[in-house]
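Subject: Handover of a structure and the findings from it

Dear colleague,

Please find below the structure that I am handing over to you. I would ask you to keep it open while you read the notes that come after it.

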Amino acid sequence: MSLEQAELLLQKYFGYPTFRSGQKKIIESILAGHNTMGIMPTGGGKSICYQIPALMFPGITLVVSPLISLMKDQVDGLKELGIPATYINSSLSAEQIDQRIIRLKQGKYKLLYLAPERLDSHRFQTIFESLPIYFVTIDEAHCISQWGHDFRPSYRSMADMILKLPRRPIIAALTATATSDVREDIASLMKIPPSHIFSTKLRRENLSFYVRHEENRSEFIQNYLRQNEGKTGIIYCATRKETDQLHALLAGAGFSVAKYHGGMSEEERNRAQEQFSYDQIQTIIATNAFGMGIDKSNVRFVIHYNMPRNLECYYQEAGRAGRDGEKSECILLFSPQDIPTQRYLITHSDMTPERKTYELNKLQKMINYCHAGGCLQKEIVSYFGEKETTTCGTCGNCRNQAGDLSDITIEAQKIFSCIKRMQERFGLTIISKVLRGSKSKRVMEWDLHKLSTYGILSEYTEKEILGLCKRLAAEGYISLAYEGGMSFPIAKLTNKAIEVLKGMRPVRIRLDHDQSLHSEPKRSH
Ligand code: ADP
């Protein structure tokens, strides 16, 4: 089975002349019979990576996918191309499932899409054992990892079942978003050797990222929609209530909008999705219930009305823009009120204490992104473990490089030495109070007013100092990490900060675009 044969099938069935470079490596590895992992950004062309091998392998290819609502469309699409496929999920009756299994046994289909959710595991066992499954693809493979942002236990137990099959199929795990923890978890579970993990550049050249610290988010959105009339987009809100409110406001102001969230009836949701798919409305306002696997190529903007809980969620949702490769914008409207909300959701969830700490640290990285001063695209891909050296040139921060760099080495040194004096045991809020010289109860209780660094930035407001500290955290001078049971992150110095303290490294940042800093710091020499 060669790549040339695979390419002929690509041309014959899909009409594309060649594979994309990322697809090539994944398909080659699968055809050689290796368990393989493919990490590819949304729109990168993951489906072809398993559909072509499925056509070449004997027997049946099982595609495990959480996207129940999309399965019918995917299968219909394949049928139109002349590829026999079917699906099994909880939308079918027991009789329908039995019928499909019979036809599968008769060799009538090459691909079987399966959604494990709400199906009983006994049934899987029967299905798996009765079919000549040669190749299994786990789509959205991050769902099997407990460290993933969308862990699904039913998905995991089904993966376990596949591994226990007497005749072990070739396994391909595909996903768009996987941090190194998730990658390792998937690889060890599905027995994928490191040499068969392929990751396409996560960077999306056609997307421009922006973080806006807006006082009035709905006003920003109205202006944006007016300026981008005729373009299609998604606005994500954190809650159903916020979705309803923003929808009412925008609809009332005459914008062409629909809404989508889990509290609406299935009929209402389908209607909204349809209006959006067929360009009958300009913008859909939705919670994160909307979109996993939506296949609309001409989404020109994705606006986050609230900060999501981590960068995986953010990149996946923002990545729904520009799947056709045309220039598109991803805008995050940051508001400090989003932080306690997200923190509350994590600390009051039923997760284990260990997991809560893990999630809080991911949230902290999301917050750092919102305060970053460098290339935003670079921030995102480096979060996913990619060592990107060039800047994108199109994100809000890259565009904003016109402003002068301010040298804040002295301020930074003062902040760092204060953190050191406080023995790296406190959070940024109290550190800012000490630097400001605040007489707050907590400062006094801990005797922090006796430190030599008490009040050494008294010419700044507490808010300004806190803004600077956050900025220094986002630039990698201060690490903010939750430790077991803490409700706020502890600030510690990184090596980069130690170099600043030793006078080996200056700190220069661009302050003009960061609206959390109200004024340029006054120099104090
Ligand atoms: P993903 O699942 O990774 O988000 P898809 O599999 O839906 O992406 O593919 C995204 C788009 O790219 C689809 O429109 C698909 O037809 C197209 N595509 C995939 N592979 C190729 C290729 N080799 N050449 C041209 N277009 C491709």
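The notes below describe what was found, part by part.

This is a predicted model, in which local features need pLDDT of at least 70 and side-chain atom pairs count only at pLDDT 80 or more, while totals for chains, interfaces and linings use all residues. Residues are numbered from 1 along each chain as its sequence is written. Helices (H or I, at least four residues) and strands (E, at least two) are DSSP runs, numbered from the N terminus.

Axes are lines fitted to C-alpha atoms, for helices over the stretch in contact, and angles run from 0 to 180 degrees between N-to-C directions. Gln23, Ile26, Ile27, Ile30 and Leu31 of H2 make the contact with Ile48, Cys49, Ile52, Pro53 and Met56 of H3; contact requires C-beta atoms, placed from the backbone, to lie within 7 Å. Of these residues, nine are nonpolar, one is polar and none is charged.

Strand E1

Is strand E1 (residues 36–39) covered on one face or on both? Both faces are covered, with Thr36 and Gly38 on one side and Met37 and Ile39 on the other, all of them buried. A residue is buried if 20 or more other C-beta atoms lie within 10 Å of its own, exposed if 12 or fewer, and partly exposed in between, with C-beta atoms placed from the backbone. Strand E1 pairs in the parallel sense with strand E6 (residues 170–175) over four bridges, and three bridges join E1 to strand E7 (residues 197–199), also in parallel. Two strands pair if DSSP finds at least two bridges between them. Glycine 38 stands opposite leucine 174 in E6, and its bridge partner in E7 is phenylalanine 198.

The six-stranded sheet

An open sheet is formed by six strands in the order E8-E13-E12-E9-E11-E10, with parallel pairing. Strands E8 (207–212) and E10 (257–260) each have a single partner strand, so one side of each is left without a neighbour in the sheet. Strand E8 is joined to strand E13 (residues 328–333) by six bridges, and leucine 207 has serine 328 as its bridge partner there. Helix H11 (residues 266–277) lies across E10 and E11, at about 135 degrees to E10.

In helix H12 (residues 311–318), seven of the eight residues are buried. The buried residues of H12 pack against E9, E12, E13, helix H14 (353–371) and helix H15 (376–383).

Glycine 396 belongs to helix H16 (residues 396–399). It counts as partly exposed because it has 19 C-beta neighbours inside 10 Å. Apart from its neighbours within four places in sequence, glycine 396 is in contact with Phe209, Tyr210, Val211 and Leu376.

Yours sincerely

Key. Contact = placed C-beta atoms within 7 Å. Nonpolar A, V, L, I, M, F, W, Y, C, P; charged D, E, K, R; others polar.
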